[in-house]
Amino acid sequence: WLSARRTPFLTRWLNAAYMSLFFFYCLSLVILFVQKRREMRVLVLSMLLAKLVGNTVHFAMPSLGDVYVAERAHLYANMPEKPTVCFIQNILWEDRMRLLRNPERYTPRNPFTGIAAFPSLHCALFAVMILVAWRCHRWLLPLYVPVGILMSISTLYFGWHYISDCVAGVLLGAGAVYASYRLLDWEDALEQRWFTTAEQKT
């Protein structure tokens with residue numbers, strides 16, 4: 001469906017949305033650092049948990065995005081331009097082919113390849129940022145939410161993911177935020193108990 005609606009304008013905007021993840025992560029960190037909010041720890045821990053769980057699922061359930069499926073790759077050959085996203089896709093595909101052609105030589109040097117579809121870590125990480133923004137800097141949500149939606153669409157537009165990957169990614173991000181709050185609450189309670197015990201002994 002999207003392959004019939006590609007235009008240079010849409011390609012440029014969706015490429016920018018896909019590549020914006022790191023910028024918005026840094027923006028969130030700076031804002032939380034200036035605000036001296038506990039959510040800075042939540043953001044970093046949630047990102048780590050989402051990456052850890054996501055990469056574990058990538059290895060447990062290997063999957064490829066639509067652009068890497070031989071029978072459907074032709075649907076992505078009509079890009080009006082060759083954006084940065086396509087350049088990255090080609091690099092990852094070449095790495096994968098080198099691994100498959102000669103795994104004994106390739107694996108000791110670089111045992112991992114970067115192609116995996118389920119779940120979408122782009123969607124997971126942006127979901128983390130939106131949920132933390134909801135708690136700490138809601139004034140940025142009118143920027144975060146549209147960019148997050150465009151970024152999710154871009155993962156479909158460029159063939160990185162399917163809709164199910166994006167849904168799973170959002171759920172993973174939400175779960176990572178929830179787990180981070182619970183873990184930090186537990187850490188704070190443990191620290192408070194330790195200091196209270198230490199003060200009583202003195």
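Lys82 lies in the loop that joins helix H3 (39–60) to helix H4 (84–101), helices being DSSP runs of H or I of at least four residues, numbered from the N terminus. With a relative accessibility of 63%, Lys82 counts as exposed (exposed means over 50% relative accessible area and buried under 20%, with partly exposed in between, for a 1.4 Å probe and protein chains only). The model is a predicted one, in which local features need pLDDT of at least 70 and side-chain atom pairs count only at pLDDT 80 or more, while totals for chains, interfaces and linings use all residues. Residues are numbered from 1 along each chain as its sequence is written, and side-chain values use heavy atoms, with hydrogens and water left out.

Helix H2 (residues 21–35) consists of 15 residues, and its buried residues are Leu21, Phe24, Ser28, Leu29, Ile31 and Leu32. Seen down the axis of H2, these buried residues fall within an arc of 165 degrees, so they line one face of the helix (the arc is that of the directions from the helix axis to the C-beta atoms). The face turned away from this buried side carries the exposed residues Phe22, Phe23, Val30, Phe33 and Val34.

The axes of H2 and H3 come within 8 Å and cross at roughly 150 degrees, where axes are lines fitted to C-alpha atoms, for helices over the stretch in contact, and angles run from 0 to 180 degrees between N-to-C directions. The two helices, H2 and H3, are therefore roughly antiparallel to each other, a term for angles over 145 degrees. Tyr25, Ser28, Leu29, Leu32 and Phe33 of H2 make the contact with Glu39, Met40, Leu43, Val44 and Met47 of H3, contact meaning heavy atoms within 4.5 Å.

Notes:
The expected span of a helix is 1.5 Å times one less than its number of residues. Angles under 35 degrees count as roughly parallel, over 145 as roughly antiparallel, 65 to 115 as roughly perpendicular and the rest as oblique.
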